[in-house]
Amino acid sequence: MNAGLRSITQRYDNDNTRLMDILLDYQAEQGFLSETVVAEIADTLEMAEVDVQQTISFYHFFESEFRGKYTVYLNDSVVSTMMGRDSIAERFEQEAGTPFNTVSEDGIIGLFDTACIGMSDQEPAAIINGVVFTRLTPFRVRELVRDMKEGKDVDEMRVAEYGESMNDSRFLKTTIHNNVMKRGEVILSDYEPGSALSKIKTGKLSPEKVIKIIKDSGIRGRGGAGFPTGLKWEFCRRVDSDTRYIFCNADEGEPGTFKDRVILTEYPRLVFEGMTLAAYAVGASQGILYIRHEYRYMKAYLENLLSNLRNDGWLGKNIGGKKGFNFDIRIQFGAGAYVCGEESALIESAEGKRGEPRDRPPFPVEVGYLNQPTVVNNVETLCSCVKIINNGIDWYRSLGTEKSTGTKLLCVSGDCRYPGIYEIEWGFSVKDILEMVGTDLNDIQAVQVGGPSGSCIGPDDFNRELSYEDLATGGSLIILNNSRNLLKDVVLNFMNFFIEESCGSCVPCRALTRMYKITLEKILAGHGKKKDIKEMLDWAVMMKANRCGLGQTAANPILTTIKNFREKYESLITEEETGYVSTFDLNKAVQDYCEAADRDVYQEMFEM
């Protein structure tokens, strides 16, 4: 084993559950993971070589072969395309001298497509050797390619543009704009670090008391499923175990979502305090912040902050002066897999495996990370819990609606004047949001609520409210005006996304998503029949057989647009409802063969 690889594996104590970190660190140093490296890692970690290889093959950003000195991943999501992605891709190909999904002949530049990278408020955007570049223009692309051909370091290209250090929070806020458009009363409000944890030291807040406050506040998970947070904490604490874990899920892979990016930049201490508070409540000693790979540029910034928290007594042993309160946090980066946003798949990934959802029960609160009780909460959820402890139950329940308490962060993008982050109370209508973000209501065709797995609604539903009682959402709102081809430019893009991101474990998610796409393309090509629409609706029952919620909603782009925009499908159906008529001429197809073989038996048979 080479010295560099040995150093990396030893950094993680040759622990095969830290395989993701080992692969990420080695690739960051060497560029890709060769077969030789795979064999050496397997031998050192005492794993089967196929187990290392299957982890590598599962994630988009693990590279088994050289992808260029500079690897460019250009977002191909709906919003990126709406904002001019095609012209950016064309200029990259012209300047680099190679088409997408190839490497230039000189090996300098590799161009590759990738899914949404959490920058929908500032598209088109690309990742180059781990560094994010936003609001790209054809002119900026020419500059970037010039710098790459001159051999400049990517960080140098970024710092030279903005004059900030990569470890500086100012850098994160100026090069990748947070676009906070509306601050609310919970997440994006005044915050004194350590305020909630300070209450624990007094002895007035027992773990049971913390859980009761969170339960009585009515807060529900902000990731989309909406499970009561206090109940989750209570279930975990009740499990008989000496070891428990807290996971913060920052793997926001839903196209159009970027709130975790903003929170981790603006209020990272609030996130870590939320994790620590949860740990106190359930009795956990270890926490893991799982962050999507596309945000790896935050690594130095967040690691530095964690180090400061340890030095200041807010992480480690006897936190905040509370004897016996021991808890620490480590950061786990993903490697590009949408399905890892599902809590059990996230845990599998953190254990160094393919991010495939687990069968449930048992649930993670009973058997989670390393088979121990584990709480998995969304970034926004944990931040809200800190504010609830600080300000009380009545304060929190005064916000939102009776069944949807508190506020919600919305990620607004697409056809609007002010894309960005908005913190609103639950109960706002979609129309309220559209007016707030600067749209012409008469020119809005549709709003995609909750990302591709959510609902695509039209003007007739704009008075519906965002709440768990009506339109629940993880936070993404993509606005589409009348110039957009809803089925071709949006729905088809979403179906391609789900096909690409399926983990492949369940047949409906693996196979039916492709059937949905094929049928949609058939309709778009003018060959559809009314029965095609009926069949796609009938298939929805089978999609519910998928193991995870992500797979169960993978057909929603088509199902919700049939429900709310059926006329768009029917307008493309021109053929009469007739049976299948083949235009294939078998006689003609075998004519050359018969002549070459000097035989006419086939013709005689066909005429019988």
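Select strand S1 (70–75) first: six of its six residues are buried, so the strand is largely enclosed by the rest of the structure. Buried here means under 20% relative accessible area, exposed means over 50% and partly exposed lies in between, computed with a 1.4 Å probe on protein chains only. Helices (H or I, at least four residues) and strands (E, at least two) are DSSP runs, numbered from the N terminus.

What you have open is a predicted model, in which local features need pLDDT of at least 70 and side-chain atom pairs count only at pLDDT 80 or more, while totals for chains, interfaces and linings use all residues. Residues are numbered from 1 along each chain as its sequence is written, and side-chain values use heavy atoms, with hydrogens and water left out.

**The sheet around S1**

Stay on S1 and show its side chains: Tyr70, Val72 and Leu74 lie on one side, Thr71, Tyr73 and Asn75 lie on the other, and all of them are buried, which leaves both faces of the strand covered. In a regular strand the side chains alternate between the two faces of the sheet.

S1 pairs with S3 in the parallel sense over six bridges, and Leu74 stands opposite Asp113 in S3. To S4, S1 is joined by three bridges in an antiparallel arrangement, with Ile128 of S4 as the bridge partner of Val72. Continue from Ile128, which also stands opposite Val131 in S5; S4 and S5 pair in the antiparallel sense over three bridges.

Next, select Gln27, Ala28, Asn129, Gly130 and Arg296, which lie nearest the centre of the second largest pocket among its 26 lining residues. A pocket is found on a 1 Å grid over the protein atoms alone, as an open set of points where a 1.4 Å probe fits, with protein on both sides within 12 Å along at least five of seven lines, and lining residues have an atom within 4 Å of a point. About 770 Å³ of space lies in this second largest pocket, a volume being the space filled by probe spheres set on grid points that are joined across faces, edges and corners.

Helix H2 (19–30), strand S1 and helix H15 (299–311) each supply at least two residues of the lining, and H2 gives the most, with six residues.

Move to H16 (343–350), a mostly covered helix in which eight of its eight residues are buried. If you show the elements that these buried residues pack against, you will have H2, H12 (229–238), S7 (245–250), S8 (286–291), S9 (328–333) and S10 on screen. Just after H16, Gly352 takes a positive phi of about 90°.

In the loop between H16 and S10 (374–378), select Pro361, where the peptide bond from Arg360 is cis, with omega near 0°. Leu370 is found in the loop between H16 and S10 as well, and has a positive phi of about 50° although it is not a glycine; at 35% relative accessibility, Leu370 counts as partly exposed.

**Two further loop sites**

Select Pro124 in the loop between S3 (109–114) and S4 (126–128); the peptide bond from Glu123 to Pro124 is cis, with omega near -5°. Then go to Asp13, in the loop between H1 (3–11) and H2, where phi is near 55°, a positive value in a residue other than glycine. Asp13 counts as exposed, at 66% relative accessibility.

Go on to Leu487 in helix H20 (residues 486–501), a buried residue with a relative accessible area of 3%. Taking contact as heavy atoms within 4.5 Å, and leaving aside its neighbours within four places in sequence, Leu487 touches Leu492, Leu520, Leu524, Thr561, Lys568, Tyr569 and Leu572.

Finally, colour the chain by pLDDT, the predictor's confidence in each residue, from 0 to 100. The chain averages 93, and 94% of the residues score at least 70. Over residues 601–608, however, the pLDDT is below 50, and this stretch has six contacts in the model beyond near neighbours in sequence.

Definitions and conventions: Pairing = 2+ DSSP bridges.
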